[in-house]
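Work through the exercises below with the sequence and coordinates open. Each task is followed by a solution in steps.

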Amino acid sequence: MDQHLISWIVFLPMIAGLVLLFVPRELVKWVALFGSGLAFVLSLLLFKTFWGGEAAGVFGDAYGALHHVERAGWITGNRFSIEYFVGLDGLSFPLFLLTTFVSLLACLASFNFDSWKINKGIKAYFFLFLLLETGMLGVFVSLDFFLFYVFWEVMLLPMYFLIGVWGGERREYAAIKFFIFTLAGSVLMLVGLVAMFFYSADAVAKYPELATSYNTGAQVTTGTFDLIELTTNEAIQKHFGDAGTKLLDVRFAPLMFMFLFIGFAIKLPCVPVHTWLPDAHVQAPTPISMILAGVLLKMGGYGFLRLCYGIFPLGGEFWASFLAVIAVVSILYGALCAMAQTDFKKLVAYSSVSHMGYVLLGICVMTTTGFQGAMFQMIAHGISSPMCFFLVGVIYDRAHHRQINKFGGLWLSMPRYGSMATLGFFASLGLPGLCGFVGEAYVLLGTFQAGPHFKWAYTAAICAAFGVVLTAGYILWVVQRVYLGSVREEYKSFPEATGREMLILAPLGALCILLGVLPKQSVFDFMNGTLNLLIDQMNGVTQMAMAAAGG
Amino acid sequence: MGNYEIALCIGVVAPLFMFAVLAFFGHRIGKPTSGWVAVLGVLASLGCATYVLLGWLSATDKAALMATTGYDWVVLNLFGNEMPIEFKVKLDGLTVMMYFMVALVSTCIFVFSIGYMAGHSDEVDGQCKFHRFFCYLSLFEFSMLGLLISSSIFFLFVFWELVGLCSYLLIGFYFDKKFASNAAMKAFITNRVGDFGFLLGLMLVFVFLQTFDLDQAAANFRHQYATNSGIFAADIDILGWHVSGMGLATLMGIGLFCGAMGKSAQFPLHVWLPDAMAGPTPVSALIHAATMVAAGVYLVARVFRLLTPDAQFFIAVIGCITLTITALIAIVQVDIKKVLAYSTLSQLGYMIFGMGVGAWPAALFHLITHAFFKAMMFLGSGQVIEGCHHVQDMRKMGGLHKKMPVTCWTFFIGVLAIAGFGIPGTHFGLGGFFSKDEVLAVAYERTYNWEDRFGGHEKDDGHGAENAHSATPREDDLILRSGKVILASGQVHDEHGSEEHDADEHGADEHGAETSHGESATHGAAAHDAGHGGHHDDPVLAGIAAQQHKIPKWMFWLPIIIAYVTPFYMMRCWWMTFMGKPRDGHVHHHAHESPLMWAPLIVLAIGTVAASYMMFRPQLGEAAVIASDAPLVVAVDGEVPDKAQHELLGLSHDKDKDPHGALIGIVGFSWLVGMGLAILIYRNGLELAERIKRLPFVGFIHWCLMEKLFFDHIYDTVLVGGTRVILSGASNLFDILVVDGIANLLGRGTVRIAEFSGNIMDTGGVDGLVDAIAESTQGAGEMVRQPQTGKIRNYILFGTTGAVLVLAAIIAVVMS
């Protein structure tokens, strides 16, 4: 079992999903809970990797040092080989863990399924839910582009149905919108997938002397889908980065970068391709919103780091200023939109756009600090935003509406819940000592630090820093309107958060504090190693390209 | 870790522990026990503080006490180098003094609160919020003490935000009241505006000084100044604005000061503090008078070594404006807490002004004396409000001295202290008599004696003159400064590598030093500069001083005038409350005192007297020696310990120019004049004041002051109106001018924009486009009578079309 640990974790939810189709209706949710719970427990076993050693050093001395690797041929021909290739490094490990954790809580949050407005098809719901979990976990561990793509699509369909069937009034519209946006991205990714395969074949044919595989040490002779190979193989990198390498008469690296980028940018999401998000969030049932905000958005950021910047660092250089503009606009525009909302859930959704803007900003300046900040911000947001969505869900269950202006004084009628809400929203606000702060601070410092390299970075950092004022504005304003003020008659009798609800909120709240107080021990130690190596790798490629240009 | 470090840490953690206890079990502990639990925590802090203070005072080798153990919170990466953000206890005179002051004042206020909140918690919501109050107070205590022991600017910022959070929670303690939650929000957001500047400062410190440690940053700053490298050689574009060298260093200083502007409520961010009085009175005393608002001054004191002359001048101007306008507004307030709030603002203005003119120890001295007497007066007002059943309007009070003798006379001591009561020329006086006098003396020195002493000349234009001034003898300056630091304390020199470097550098021969600093023209120009201004025997000092601004006269005279105004409005407040005849029988009848509440007043009164004379002043002088070792700072102060006397520039001892002597004539009896005038006007009740108010011109001024000089209106108009004008044309300007309501700094204006972008643009624009395309494809589909008209199909069609369009766009961009 130990050597197939990852596969077990990835497919366990799906197995549980299949099992629950054959159990009595009352047991369905318990099977689902067991499935996602076991996946979470098993994923905790991954920590064994880090015992007895400095965590940062675990990931070896070159990018692509992995743990828990499993690779086997899947679809092989004589010119190509698609592998079942999974493994963990510092990029995927924190996100992988986050996924099992948030999924477990979301599963728990689905336990009041019977009291939902649409409470038919509990089996289908939990089956799709668990399938979705498998898809998400698969995306984070796949290191073969083809496999990655498959999981990416596997994730898409359950989400479509979960929103479209169990959502709010405009669920179909929202589901289709979500589907289309994501699909548009997938199309471009598919183009990239194919192009990268053929170009890598060209590369190894062109520079056979450089085409030594990181894995076997032998010479690579065919095109590859191996993401690590694509990143680290010198022949491939040299060919990809060469100014003479063109697709449709366009330089290859910037073009491919943008193909992949758009797909991930839609997921992240950035302005202007963010509009699926508020709709999807508002219509989706609470647990699905938690998953969506907590995990799905992170795939965008993960994709940037793993694919866009890993394989095409020169594309990152090329588009940096453009991406920074998008990032800053996302931060400020998202915050302003959040401020304008009257629907509580939509507000939280727009706040995600704003927070994810920091992720993009941290990444696009291509500094170590920026990368670390972006990763941390993803994890932190993966904790705080499910919490906020669940907090909204709790009062929606009671009030059956989400109009901010109709609430008031909820802290008085639900003191325990009110305290948790304050904690969650202040974490989202980026208060020091809570998780939201560290990522933002890192991103800002990382961006400012890029000043000598990118002239605009100072300005970008300052504009982004202004986001903290806007964020404080909309968060405090909503807290005031919903939780403060005198208690309204109709909400006086609201029951305090139940045990189940506290069971979901308490771990999230505890993590908000833990990540804020001990960011190094809780997050950075597990990813810094790989991020540093990634940066080294990227710098190597950039220098190679500069040398080539100079020569 | 040394004992003192441990003690300081325990003192910080104890309230945090009590916070956790109260947060989880507070509702079971109940009332009033939960209050005593919190007191227990803060008593532990006080114990630790006393232990450290006594140890510090008795230590002969203070450098040996300095903290040595650090904890790397995170490790940042800066240009490929590792740069840890370290948590380390800052252990020096300033921390010890402040820590003790905060712990002592807090203890008094915590005890007072038990009495006060007994009548103020339950009635609010029918539930026991009593424990929650002490829960927040404990959290505040933790954050505030944490702020004081942070040795890194980064952690200063962390705790900075945390005290802001506590302030938010406590101002909004009666959050069921709309005005309270508005005030809380206003406070937090206004502070965030300041923190935005703070963040900018932090980023500049990070990138250019490459450390967050305060001492190390100062050392690097000095080194960079000496070698004309780092921030002094940098050259960047921010928001299309080109800044470089000294200008950038100034920007860094001003950025850091922006944080202080928020927390210490300096103009133009002062608007939140009066509103913050919506919180319970003990909170006003603790957070909004004695400790948190003073944190801004503390911050400036801590980063003093990173301030350029321009930044200092900026700080002085801000302080001067704040102390003036807020004192004027205080004159007309009728709410007892509002008077105290505005007087706090004004006194904070004095402190910031003092910092700006270089009176480092004087400003902090004033901070400490002020903390005692202002906390005392706030608690007194709390006692009055409690006794009078929540009446805060002074017009309904009067004659309370018989009912509340202790409150009355402790309050009177506070009035004397803030008024600067004392016999000029002797050492008999209270609080402000010493501390404010020192600030003003330095201001006098900078205004009138500057040229004579140093041949310094007023800079007409900071940036224009910059080039000329950068030609001061930097190496020589360093010799002087390093020498001073070594002599004064020894520890700074020993601790930091780069200072060693400095020292080595001046040891190197002149030629080598010159070649290593590309700009070798420096020396010639420097000689010229010194010679030019030089009817002075020390060209080095002249060089430094030449960079310091001579202060314009109005910046000396405004604080002087306000020194007359302060006694007036404080005496007015006291007289209206306690003296004269009772104006409201009902209120007067109910008035009473309770021992739990007046005992702390007496402790604070003793503290006020003690602070004026003993403990703090010499210690601060000693701390100043370390704090003012910046390359561009001339510490102007005479009253430093002998040991440091000859290294710092003292005040003039020339008899003709002695500022203290001059001040006796100018301001020595201001307390008598101000207080006398107040008694004259208010001795027979309010009639005379009403008559004066009806005078035509006075009436207008009174109206302006009652409207708080329109700041809230202006913010409202500019932020709300400005955007509204943009949106709906200038048609309803009148409406905007009369718009009242919260002056939320973000304002409804931003919300307007947000609504526009959020609703109209997003749903109308982007989504509209998407939908339109989808519909048109659907239309196209129907036209060709495709059998399957499922929506998904069309969306996929759209998706692919979109993808192709994007593709085309990318190709276009990349190819260009």
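The model is predicted: local features need pLDDT of at least 70, side-chain atom pairs count only at pLDDT 80 or more, and totals for chains, interfaces and linings use all residues. Residues are numbered from 1 along each chain as its sequence is written, while chains are lettered from A and ligands numbered from 1 in the order in which they are written.

**Exercise 1. Chain totals**

Task: State how many helices and strands chain A has, and compare its radius of gyration with the value for a compact globule.

Solution. 
Step 1. Helices (H or I, at least four residues) and strands (E, at least two) are DSSP runs, numbered from the N terminus. Chain A has 20 helices and 4 strands.
Step 2. The radius of gyration is taken over C-alpha atoms, and the globule rule is 2.2 Å times the number of residues to the power 0.38. For 551 residues the rule gives a value near 24 Å; chain A has 23 Å, so the two agree.
Step 3. Along the principal axes, the C-alpha atoms of chain A fill a box of roughly 75 × 55 × 50 Å.
Step 4. A residue is buried if 20 or more other C-beta atoms lie within 10 Å of its own, exposed if 12 or fewer, and partly exposed in between, with C-beta atoms placed from the backbone. In chain A, 65% of the 551 residues count as buried.
Step 5. Two residues are in contact if their C-beta atoms, placed from the backbone, lie within 7 Å. Of the contacts in chain A with a separation of 6 or more, 78% are between residues 24 or more positions apart.
Step 6. Chain B has 37 helices and 6 strands, and 58% of its 816 residues count as buried.

**Exercise 2. Helix α2 of chain A and two partners**

Task: Work out how α2(A) is oriented against α3(A) and against α4(A).

Solution. 
Step 1. Axes are lines fitted to C-alpha atoms, for helices over the stretch in contact, and angles run from 0 to 180 degrees between N-to-C directions. Angles under 35 degrees count as roughly parallel, over 145 as roughly antiparallel, 65 to 115 as roughly perpendicular and the rest as oblique.
Step 2. α2(A) (residues 28–45) and α3(A) (residues 92–109) pack at about 155°, with axes 9 Å apart. The pair is therefore roughly antiparallel.
Step 3. The contact includes A:Phe40 of α2(A) and A:Phe101 of α3(A). Taking Ala, Val, Leu, Ile, Met, Phe, Trp, Tyr, Cys and Pro as nonpolar, Asp, Glu, Lys and Arg as charged, and the others, Gly among them, as polar, the contact has 10 nonpolar, 5 polar and no charged residues.
Step 4. The axes of α2(A) and α4(A) (residues 122–141) come within 10 Å and cross at roughly 10°. These helices are therefore roughly parallel.
Step 5. Among the residues of this contact are A:Lys29 of α2(A) and A:Lys123 and A:Glu133 of α4(A). The classes are 6 nonpolar, 2 polar and 3 charged.

**Exercise 3. Helices α4 and α5 of chain A**

Solution. 
Step 1. The axes of α4(A) and α5(A) (residues 145–166) come within 8 Å and cross at roughly 150°.
Step 2. The contact includes A:Phe129 and A:Met136 of α4(A) and A:Trp152 and A:Trp166 of α5(A). It has 17 nonpolar, 2 polar and no charged residues.

**Exercise 4. Backbone details in loops**

Task: Which residues are joined by a cis peptide bond in chain A and in chain B, and are A:His400 and B:Ala265 buried or exposed?

Solution. 
Step 1. In chain A, a cis peptide bond joins A:Leu268 and A:Pro269, with omega about -10°. A:Pro269 lies in the loop between α9 (252–267) and α10 (276–283).
Step 2. In chain B, a cis peptide bond joins B:Phe267 and B:Pro268, with omega about 0°. B:Pro268 is in the loop between α9 (245–263) and α10 (272–275).
Step 3. B:Ala265 is in the loop between α9 and α10 of chain B, and its phi is near 50°, a positive value in a residue other than glycine. B:Ala265 is buried because it has 29 C-beta neighbours inside 10 Å.
Step 4. A:His400 has phi near 60° and lies in the loop between α14 (368–399) and α15 (410–413) of chain A. With 8 C-beta neighbours inside 10 Å, A:His400 is exposed.
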